Number of protein chains: 2
Amino acid sequence: MIARRTVLSLAAVSFSALVFASPACAQFAKPEDAVRYRQSVFVVMGAHMGRLGAMAQGKIPFDARAARHSAQVVETMARLPWEGLTPATESLESHAKPELFRNMDDVERLVEALNVETAKLPAAAGSLDTLRTQVGATGKACKACHDKYRQKI
Amino acid sequence: MIARRTVLSLAAVSFSALVFASPACAQFAKPEDAVRYRQSVFVVMGAHMGRLGAMAQGKIPFDARAARHSAQVVETMARLPWEGLTPATESLESHAKPELFRNMDDVERLVEALNVETAKLPAAAGSLDTLRTQVGATGKACKACHDKYRQKI
């Protein structure tokens, strides 16, 4: 049990290190580039979550191949935008509330919870029933962060 | 040889069908959404190609793990934006030259050539030498389409 906890803990550290610990200057020339990058990722993720949601709600026909494709895109996208949440971007207008940047530990926790759900999406895309359940769980994980740290602009 | 050609041909048809044959209305509510989607994909792809290019040119240290991550993102992104190139978007201001929409067969050919190169990127990211070669080949495939169909705005 201790060993298992250690592995999980190491995995969490490794994930956080990869996603959050990169200095902004190493990845983005300007804070504006970081905002543009993360917003672009959210546009792509949102488009494909929208397609999965439309299938889950019966607004478009279920198509396992298209669902799997969109699920894989969402899984990939959900790992990307967080490195764009650098302190240097706090003063720029965006959907990020100012308090986000003062609660990065909480944001990391919410991102990790999101990634647990998005990682299940591709396998869940095989049937409408499993897709519907997993789209719901993923949507909840999105909303948990949006409710606390996303604002309208 | 005939069998191999048939397989390749079927693969090409399948790829084109997936990428180009979806009616715009099925994927995007408005032409503006299609433009925003494809531009967002290009921002994400460009950010990660930029990182690979910086490693290839020695501007930042080679890091096999980071290179593989960026290579995988580029490979995924390079399959996405083309469905946003719908005829309904021709009248909207964007980097797409008007003649792009009258030469979709040629665009498909260039996209397929790009995807051949981006598919090789993740394996090539294992060493600086192979990465440098494959970033060069990928950049050429990007440029082949940009030279013909991309404009400044």
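**Salt bridges, helix packing and the A–B interface**

A search of the whole structure turns up 16 salt bridges over all chains, a salt bridge being a side-chain nitrogen of Lys or Arg within 4 Å of a carboxyl oxygen of Asp or Glu. One of them joins the side chains of Arg102(A) and Glu90(A), at 3.1 Å from N to O. Arg102(A) and Glu90(A) both sit in the loop between helix 4 (64-77) and helix 5 of chain A, so the pair ties together parts that are 12 residues apart in sequence. Helices here are DSSP runs (H or I, at least four residues), numbered from the N terminus.

This is a predicted model, in which local features need pLDDT of at least 70 and side-chain atom pairs count only at pLDDT 80 or more, while totals for chains, interfaces and linings use all residues. Residues are numbered from 1 along each chain as its sequence is written, chains are lettered from A and ligands numbered from 1 in the order in which they are written, and side-chain values use heavy atoms, with hydrogens and water left out.

On to the helices. In chain A, helix 5 (residues 104-118) packs on helix 7 (residues 128-149) at about 165 degrees, with the axes 9 Å apart; axes are lines fitted to C-alpha atoms over the stretch in contact, and angles run from 0 to 180 degrees between N-to-C directions. That makes helix 5 of chain A roughly antiparallel to helix 7 of chain A (angles over 145 degrees count as such). Residues making the contact (heavy atoms within 4.5 Å) include Leu110(A) and Leu114(A) of helix 5 and Ala141(A) and Cys145(A) of helix 7. By class, this contact has 10 nonpolar, 3 polar and 4 charged residues, with Ala, Val, Leu, Ile, Met, Phe, Trp, Tyr, Cys and Pro counted as nonpolar, Asp, Glu, Lys and Arg as charged, and the others, Gly among them, as polar.

In chain B, the axes of helix 5 (residues 104-118) and helix 7 (residues 128-149) come within 9 Å and cross at roughly 165 degrees. Helix 5 and helix 7 of chain B are therefore roughly antiparallel to each other.

Between the chains, the contact takes 19 residues from chain B and 19 residues from chain A. The buried area is about 1,700 Å², with carbon and sulfur atoms giving 63%; buried area is the accessible area (1.4 Å probe) that two parts lose on being put together, summed over both. On the chain B side, Tyr37(B), Val43(B) and Arg51(B) lose the most area to chain A, together 28% of what that side buries. Arg51(B) also forms a salt bridge with Glu83(A), the closest N and O atoms being 3.1 Å apart, and the count between the two chains is 2 salt bridges.

Note on methods:
Helices (H or I, at least four residues) and strands (E, at least two) are DSSP runs, numbered from the N terminus. Angles under 35 degrees count as roughly parallel, over 145 as roughly antiparallel, 65 to 115 as roughly perpendicular and the rest as oblique.
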